[in-house]
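Me: I would like to learn how to read chain contacts and helix packing. Please take me through an example.

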Amino acid sequence: MKSTKFTNYTAKEADAKWWEIGNYFRRNSIWMLMYCTGCGAIELPPAMTSAYDMERLGMGPMATPRQADVLLVTGYLSVKTLRRIIYTYEQMSEPKYVVGFGSCTINGGVYFDSYAVINRLDYYIPVDVYVAGCMPNTESILNGFVDLMGMMKNKTANGWIKYHENYEWYKANQIQAVGEVHVHDEFHE
Amino acid sequence: MLNILAGIGIAFFGFVLQTSVAGFNRKVTGRIQKRYGPVWYQEFRDIFKLFTKRSVTHGWIFDFGIIMALGGTIGTAMFIPLTTHTLAFAGYDNFFIYVYLIAVGMLGMAMSASGSGNPLASIGVMRALTTMLAYEVPFMIVALTIINLTGTSSLTEIALMQQGQFNWFAIALPLGGIVGFISLMGMLGKKPFETYVAPAEIASGPMVEYGGKQLGMLLVMHELSVFIEVSLFMYLFLGGAESIIMFLIKYVLIYTFANMISSVNGRMKIDQVVLFFYKWPLIMAVTQAVIAIYLGWVI
Amino acid sequence: MMNSMNNVKEIISTVEKNFDLLNHEIIDKYQVSLIVNKKEVHHLLVFLKTNGWIQLSYLTAVDWIEENEFELVYIVFNWDKPVHIQVRTRIERDVENASMDTILPIYPGCKYYEREVHEFFGIKFPGNPDYHKQLILEQFDDLPPLRKDFDPLAYAERKFPKRDYPEKFVNLEGKESEQAKRDITHERVEKLRTGGTKK
């Protein structure tokens, strides 16, 4: 699956003036991928439904990574899940953003000494906004999304450009933790 | 030449109208669910956001199918009469032109969804075509009844024959009106007939591998096809429109009513959809045809 | 209630007659635990299966590191007389020799349980064709993790890099510390409660 005319954007190009029109449309209609990894996913349904309505900000849930803008990493990530998250992140179409929920993505949380859970999400995929808490309150989640929209307005949400520029560093970290990023499924091979 | 420009103008007007009405209906759905919805121009923002993303392609069939579907739908929308006197191509508003050209849109989408190589897309396309098979039969029976009663198959003539003191076909042929409305909901892909999209079940069906610009074109095609279908229903059953104001009022009312019904229903499975359409709507359509043509009981 | 107590006692007496029962323990009216030798486990499980205990609920191991032994626990369940029976044996804790013949012919559902026990404890199950395949842990290169001499903190620090905070705290906006104010209040409350002296 190749992308059409895949040239890398540099940080300077993304700073251009006409990019601001695109930013207006992108920040007012964010589509999130409902990939809820850990126990932090319990805070998403109140944000999506009538209690703290997310749709008035323009956000909506979408089913597949190719259609989504934002990947929500909610909670802890074991090595198995990390491989699938990287696989999913590389399928999304650009520009794309990552929001890390909960303390487990920041520094390991309550599972900092576990043999199966990674400690810091920043080493493997670039993260734009962290929402701290265990779990964060639903208002904090909405605050995090509004912060992401503000970052898009100021042109500082450049995680995907950093991924292109520092691809070797990210790849080395991924291989050290996960091996190859290819999903081997015992039942289909 | 002027006709083509007028046609493109009508298609553009239909796109703007439907996108605004769809955004307004998201607010209506939100209010039904006791929350605020988005702003009324939210769908515009969605579509333009999709056009600014970079997309991934899977080969030329994938791209070409989308362009064919979009072109077919724009071509169909150019023939829609806005009022009974405002047409792009006078004399070319036959009912069967729309039935024929809508198939081009579906075919294009099916082609590009199969070209993406994802098995979920094939499942979604199969479900979409099965749903089409289900709702077309009662709808065609009622439409053919109307054509037989009026003796002509031109939309504007059918609309003109319904003028008078509430002489609409939705009231003159009551069973036919109900069947037409249920088939309209099947055509629009609203719940309970939403099996071909099914967001959480088959990961949005045919749209599973689209991202960025192709999804934007697909949404534009969807909006235009909704415009075509609602206008078709309006001309067949509700007497068309004499002026633009009546057109807008009737359009908004039909779509909002369909949306309100769909927001309180769940989603049926595909075999339930086919069984449903082949039971009561088919019986009502055939009864209506028999009453209207052979017995002549028209209100 | 009397019925199940009778059930449990009846089970214990039957097993005692036919097998060499080292110990038994009645946990409550629905659970009983029987401790046997390693050689008798297969006979006991066949006997239980032919008498109605057809479901293998769980298979796991306990690490008794002071006594240098593993203890395998098989939990079987009966749907007609609802009693959980735990069959426990002790096997030796040597890294190369810890093994137990598989019970795959008796309960076919033990295939994945034995894989899990091998992955987490290192016990081998000869007779099970794929007990050594990796089930849950990926990229794992240390001792089997549920043993008590495995250090999870050292493994996590080696494999998953942490975030380092160069300062212990950051005082934004130059406010005074709320925690310091709370500490003063707590100390005053303690003094008042204990009559002027702090216990």
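Me: How many residues of chain C are in contact with chain A?

Reply: This is a predicted model, in which local features need pLDDT of at least 70, side-chain atom pairs count only at pLDDT 80 or more, and totals for chains, interfaces and linings use all residues. Residues are numbered from 1 along each chain as its sequence is written, and chains are lettered from A and ligands numbered from 1 in the order in which they are written. Two residues are in contact if their C-beta atoms, placed from the backbone, lie within 7 Å. Here 13 residues of chain C are in contact with 17 residues of chain A.

Me: How many residues of chain A are in contact with chain B?

Reply: Between these chains, 21 residues of chain A meet 29 residues of chain B. Strand S1 (2-3) and helix H1 (19-28) of chain A each supply at least two residues of that side of chain A; helices (H or I, at least four residues) and strands (E, at least two) are DSSP runs, numbered from the N terminus. H1(A) gives the most, with four residues.

Me: How does H1(A) pack with helix H4 of chain A?

Reply: Two packed helices are described by the angle between their axes and the distance between the axes. Axes are lines fitted to C-alpha atoms, for helices over the stretch in contact, and angles run from 0 to 180 degrees between N-to-C directions. H1(A) and H4(A) (residues 138-153) pack at about 170°, with their axes 9 Å apart. They are therefore roughly antiparallel (over 145 degrees). A:Asn23, A:Arg26 and A:Arg27 of H1(A) and A:Met149, A:Met152 and A:Lys153 of H4(A) make the contact.

Key: Parallel < 35°, antiparallel > 145°, perpendicular 65-115°, else oblique.
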